[in-house]
Amino acid sequence: MHKLAILSLISTLSFATEAIVTKIVDGDTIHVKMNGKEEKIRILYIDTPEKYGGAKLEKDAKKAGISADKEQELGKLSSGYAAKFFHQGDKVNVTSDKKDQYGRMLGTVSKNGIDYSTQIIKDGYSCIYKKAKYPKELDNVLQEAKESKKGLWSVDFEVMNRLCK
C-alpha cells in the first residue's frame, strides 16, 4: 500500500525544464523552445488584462464595467511588463505537467530564480487567477501591490479593483 502511495505522489510531481524564450505574446503567455520543440506557455496563477480583441476581452470588460478600449490599454501595459521581464533568447525554467483545451502548456516560469507569477503580481501588473488553485501567499503579494499602488494600480485603481475581484 505504501509503495502505491509513493508512486502516485511521484507521478504527480512536476520538474522544472530549462527552456529558451522565443516570443512574448502578452502578460500571461509566452512561447519557448523546450526539449527541441516550440511550446506556448499559459503562465499559472496570473490573470492580466487582455491585450487583444475578442470574446474574452469583451467579457472581462463587461464584468468590470469598463470599455474594451480601457481594458486593452491596461493589457498593453501588462504585456509591456512581460516584454521587460522576458527577452527573446532568455533561459527560463518551466514547470508544467498538463495542457489546456487550447493545447497550451500550463506552467510556472522562472528566470534567474525569480518566479514570474509572483513578480508580476508584486509589481502590480496582474491579478491572481482565482478560478483554479493557487498559492495563498499570492493574496498577500497582491494586497501589498494594491496598497502601494504599484504598476496598473497607479494607472487606474478602481478598474484594477474590479478586474481583480
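A disulfide is a pair of cysteine sulfur atoms within 2.5 Å. This is a predicted model, in which local features need pLDDT of at least 70, side-chain atom pairs count only at pLDDT 80 or more, and totals for chains, interfaces and linings use all residues. Residues are numbered from 1 along each chain as its sequence is written, and side-chain values use heavy atoms, with hydrogens and water left out.

The structure holds 1 disulfide. C127 and C164 form the pair, with S to S at 2.0 Å. The link of C127 and C164 is left-handed, at -80° about the S-S bond. C127 lies in strand 8 (residues 127–128) and C164 in the segment after helix 7, so the pair ties together parts 37 residues apart in sequence. Helices (H or I, at least four residues) and strands (E, at least two) are DSSP runs, numbered from the N terminus. Both C127 and C164 are buried. Buried means under 20% relative accessible area, exposed over 50%, and partly exposed in between, with a 1.4 Å probe and protein chains only.

Now turn to helix 2, residues 55–64. Its buried residues are L57, D60, A61 and A64. Seen down the axis of helix 2, they fall within an arc of 100°, so they line one face of the helix. That arc is taken from the directions from the helix axis to the C-beta atoms. Helix 3 (68–85) and helix 7 (157–163) are among what covers these buried residues. Contact here means heavy atoms within 4.5 Å. On the other side of helix 2, A55, K59, K62 and K63 are exposed. G65 follows helix 2, and its phi is positive, near 70°.
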